[in-house]
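Let's take a friendly walk through a protein model, piece by piece. Keep the picture beside you as you read.

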Amino acid sequence: MPASFYDRMSAELSAIEAEGLWKPERVIQSRQGAAVQVAGQEVLNFCANNYLGLGGDERIVEAAIQATQRWGAGLASVRFICGTQEIHKELEAAIASYLGKEDAILFAAAFDANGGVFEPLLGEQDCIISDSLNHASIIDGVRLCKAARKRFANGNIDELETRLKEARSEGARTIMIATDGVFSMDGHVAKLDRITALAEQYEALVMVDDAHATGVIGPGGRGSAAFHGVEDKVDILTGTFGKALSGAMGGYIAGRKPVIDLLRQRARPYLFSNSLAPAVCGAALKAIEISKGPDGDALRDKIARNAKRFRSGMAEAGFDLIEGGHPIIPVMLYDARLAQQLAAKLLELGVYVTGFSFPVVPKGQARIRTQMSAAHEDYHIDRALAAFAEAGRAIGAIK
Ligand SMILES: *Cc1c(COP(=O)(O)O)cnc(C)c1O
């Protein structure tokens, strides 16, 4: 028994705790929603990606039950062996049609979609240019691919152009720009109008991960490219059913047919992982139906009203917020321990939020990332504002 190994694990755990970087898991004793039960107490939830409020929605639960009854609990197979049912094809068609793409392919998670998208499409002669704040799953996916890699500082279009020029002068066969559609820690929307214009100029492809955007921003909730009016200029879209579109789980890649066809043959997380559970497909199908219809627009209007109310109340209380129009509203504390303390105090006051620190955000940039949902009512927002003011004063984060 190599005791030194286990000693090293214990030492690392102690160091994480000592630096204030420990991420506790709180056990929720209810469905997801505007209010949840934690440790026997009802608390208001402001840290879920439950933008449309569908996570605990009865219509989604019912759709998941019906899908399970019709199609069973699962397939016990990857898609290409004996794991493809009509409901999988139906979901692929529904998400592709919602996003205005020719076809789509499902994955167990967006993490897998991003992990599997680059390697089959690009090789040694190609180059990927990636935003520095891209999600961990894009970073890992790029690492798994043999293409040359370049990075540009978050949202820095001049630097992106420099990288495009470099890639062209180095003779790259295909260049792909990869970016989050909405940056999850800041809530900023990628400048896809300018990125796609540059892509055209330098004949590059554009890949966008719209995990925090699909169902949330843009006309019809069609995401960051739609928000900027450049939907047809994005070649590859990845996303999740684990956020606005039901909150269950599952990821996808949408794009032109030959791309999706090739991914079906070669994407490793698709070839070597079980097909999505029918319950997940049923939930996602219902969520897409809601999101693309008039109910979806009403829900998005409500999110926007909630965000506005929360932002103005927090600014008035003296908190330092990152500017933006997305329902992600980061409250900056900078210090990891202070962020943890504020989150702990807020939980005592009945408001559930999470402190984010390194490695999820850069060192010295600790924050509480609040997220608005269509499930929140005005009185939820007002109670959260009062709790933030009280907790913020108690720990000295505001005067
Ligand atoms: C949440 C998220 C993912 C991962 O989605 P899962 O389906 O939960 O794996 C990928 N990319 C971005 C930008 C995300 O925010």
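A residue is called buried when its relative accessible area is under 20%, exposed when that area is over 50%, and partly exposed in between, using a 1.4 Å probe and protein chains only. Helices (H or I, at least four residues) and strands (E, at least two) are DSSP runs, numbered from the N terminus. This is a predicted model, in which local features need pLDDT of at least 70, side-chain atom pairs count only at pLDDT 80 or more, and totals for chains, interfaces and linings use all residues. Residues are numbered from 1 along each chain as its sequence is written, and side-chain values use heavy atoms, leaving out hydrogens and water.

Start with strand β1 (residues 35-38). Val36 and Val38 make up the covered face of β1, while Ala35 and Gln37 lie on the uncovered one. β1 forms a hairpin with β2, with two residues between the strands, and Ala39 in that turn has a positive phi of about 50°.

Two strands pair if DSSP finds at least two bridges between them.

| Strands | Bridges | Direction | Facing residues |
|---|---|---|---|
| β1 and β2 (residues 41-45) | four | antiparallel | Val36 and Val43 |
| β2 and β11 | two | parallel | Asn45 and Tyr352 |
| β10 and β13 (residues 366-371) | six | antiparallel | Val331 and Ile368 |

Another open sheet has three strands in the order β10-β13-β12, with antiparallel pairing. Here β10 (328-334) and β12 (355-356) each have a single partner strand, so one side of each is left without a neighbour in the sheet.

Now for the helices. Helix α13 lies across β10 and β13, running at about 20° to β10. Helix α12 (residues 278-292) packs against α13 (residues 294-317) at an angle of about 75°, with the axes 4 Å apart. That makes α12 roughly perpendicular to α13, a term for angles of 65 to 115 degrees. In this contact (heavy atoms within 4.5 Å), Ile290, Ser291 and Lys292 of α12 meet α13 residues including Pro294 and Arg300. The contact residues divide into three nonpolar, two polar and three charged.

Finally, helix α1 (residues 3-18) has 16 residues, which at 1.5 Å a residue should span 22 Å; its end C-alpha atoms are 22 Å apart, so the two values agree. After α1 comes Gly20, with a positive phi near 75°.

Note on methods
Axes are lines fitted to C-alpha atoms, for helices over the stretch in contact, and angles run from 0 to 180 degrees between N-to-C directions. Angles under 35 degrees count as roughly parallel, over 145 as roughly antiparallel, 65 to 115 as roughly perpendicular and the rest as oblique. Ala, Val, Leu, Ile, Met, Phe, Trp, Tyr, Cys and Pro count as nonpolar, Asp, Glu, Lys and Arg as charged, and the others, Gly among them, as polar. The expected span of a helix is 1.5 Å times one less than its number of residues.
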